[in-house]
Amino acid sequence: MLEQAPALLITAANGFSISEGFNWFASDAVFHDLLGDLVDQYGLHNMLEAVQYPYQSKVVQWRVWARIINRYSSHYHTSPLMENLRQIIKGRPYYIWTTNPEHHFNLAGLDHVVENEANWVYGSCQTPDHPHVDLRAAARLMVGLEQERELTEADLPRCTTCGEVLTPLMFAPKPQLDSQQVAGLNKLVRAHADQPLAVLELGVGDQNPLVKKPVESLLRQFSEWNYVVLNQKPGPVPFNLQPRTAVIQGDLKTNLAQLARLMARPSKAR
């Protein structure tokens, strides 16, 4: 399915992030190392709680955002997982449809991406036509300052046009899909509507409403498309999609690496 596909639609969610080392829901050593003092002060249980907590000030909120952005996006180096995905793409047309906020696909040079819930790497004020700002340098600075003193309002990143304190795009009151990203995805879909495009699903939960259900709808609409699912615990495949679906259960990193190695070998060697 993957080799014969003229193009790929790749979907990725929390399972892919976990395979790269970020987990919204874990109360593990990484979580406590990163947010330990705030964990104790506010009774936090995981990263998702940490970013959603109603803190008393923007300064405290930015203490959380800055640490997370700095750890997971400011110093990102392309992972073996991403390299294996690049091997599978093999220069073909593709789009990645994801709910992951780390912006890792773009940072790894895979820039045909729709971020369904935006990302935390770029921030904006509340005025729609004011520019988006890369927050990584500000996050690094704030994390460094926290080692020396308490942060103040003056340390927070601000819009270069109006001076308002910035909010990461994914945490804005009304996160907006990037219209250029959506147009690119729609173009890929139209161009391969009658061809055996492969949908490669990487760590998407069975009940994910922003990726799983819309993609299943596309698969029903385009009868030539095939469906390849990689998940630790994959859910049931709709009956009418089963004849053109391959499900690979187990560790995503291991299985994606094996697929990449297999596809890199000459066909006779397989």
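Predicted model: local features only at pLDDT ≥ 70, side-chain atom pairs only at ≥ 80, totals over all residues.
Let me start with R71, which at 38% relative accessibility counts as partly exposed, where buried means under 20% relative accessible area, exposed over 50%, and partly exposed in between, with a 1.4 Å probe and protein chains only. Residues are numbered from 1 along each chain as its sequence is written, and side-chain values use heavy atoms, with hydrogens and water left out.

Which residue does R71 form a salt bridge with? The partner is D33, with the closest N and O atoms 3.5 Å apart, a salt bridge being a side-chain nitrogen of Lys or Arg within 4 Å of a carboxyl oxygen of Asp or Glu. Because R71 lies in helix 4 and D33 in helix 2, the pair ties together parts that are 38 residues apart in sequence; helices here are DSSP runs of H or I with at least four residues, numbered from the N terminus. D33 itself counts as exposed, at 58% relative accessibility.

Staying with helix 2, which covers residues 29-42, we find a bend of about 90° at L35, the bend being the angle between axes fitted to the seven residues ending there and the seven starting there. The buried residues of this helix are F31, L34, L35, G36, L38, V39 and Y42, and what covers them includes helix 3 (47-52) and helix 4, contact meaning heavy atoms within 4.5 Å. After helix 2 comes G43, whose phi is positive, near 65°.

Turning now to helix 4 (residues 58-74), we see that it packs with helix 7 (residues 136-146) at an angle of about 115°, their axes lying 8 Å apart; axes are lines fitted to C-alpha atoms, for helices over the stretch in contact, and angles run from 0 to 180 degrees between N-to-C directions.

In total the structure holds 10 salt bridges, and another of them joins R149 to D155, the closest N and O atoms being 2.9 Å apart. Of that pair, R149 is partly exposed, with a relative accessible area of 38%, whereas D155 is buried, at 15%.

Definitions and conventions. Helix = DSSP H or I, 4+ residues; strand = E, 2+ residues; numbered from the N terminus.
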